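Thanks for coming, everyone. Let me put the chain up on the screen, and then we'll walk through it together.

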Amino acid sequence: AVAKLRADSLLLLTVEAAPFDGTPEELLDQVSERNVLQDDLLDIGSVSERAEITLYYGAIGAVEVYTGLDRKGVVMAFVVDLGGGQTVGVELTAIGEADDLNAQLLEIAAMAESLTIQPVAPEAP
């Protein structure tokens, strides 16, 4: 995935994926709980809102917006069905100065929509 972000913005973008058997809301609950247990390690303050989002190809996810004094964070969580009983949870996190993040939200959303997830073929013995 590629995000066309302004050169002068200071945003940290991370994408993590792992097998996950649950809903996007449950994945986002785990992410939120981890942040609380780590005493706001991401330095993005408290959750100001949670909403459902849908990517253009139909994957449904959940998003939370964190607001601190001068920093802001957006955490998106999706659970993608790979077929054959395989599902993967995807977490996309964007953190930065509030003004920078607000200005880049459309690009961040476009990057989330551009993610493609394919099952890994088993290795030959």
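Residues 1-7 have pLDDT under 50, where pLDDT is the predictor's confidence in each residue, from 0 to 100. For that stretch the model has 18 contacts beyond four places in sequence, a contact meaning heavy atoms within 4.5 Å. Over the protein chain, pLDDT averages 76, and 73% of the residues score at least 70.

Some housekeeping: this is a predicted model, with local features needing pLDDT of at least 70 and side-chain atom pairs counting only at pLDDT 80 or more, while totals for chains, interfaces and linings use all residues. Residues are numbered from 1 along each chain as its sequence is written, and side-chain values use heavy atoms, leaving out hydrogens and water.

Now, the salt bridges: a side-chain nitrogen of Lys or Arg within 4 Å of a carboxyl oxygen of Asp or Glu. The count is two. In one, D29 meets R50, with the closest N and O atoms 2.9 Å apart. That pair links helix 1 (residues 24-37) to strand 2, 21 residues apart; helices (H or I, at least four residues) and strands (E, at least two) are DSSP runs, numbered from the N terminus. R50 also bridges to E64, at 2.7 Å between the closest N and O atoms. E64 sits in strand 3, 14 residues from R50.

How covered is E64? At 5% relative accessibility, E64 is buried, whereas R50, at 36%, is partly exposed. Buried means under 20% relative accessible area, exposed over 50%, partly exposed in between (1.4 Å probe, protein chains only).
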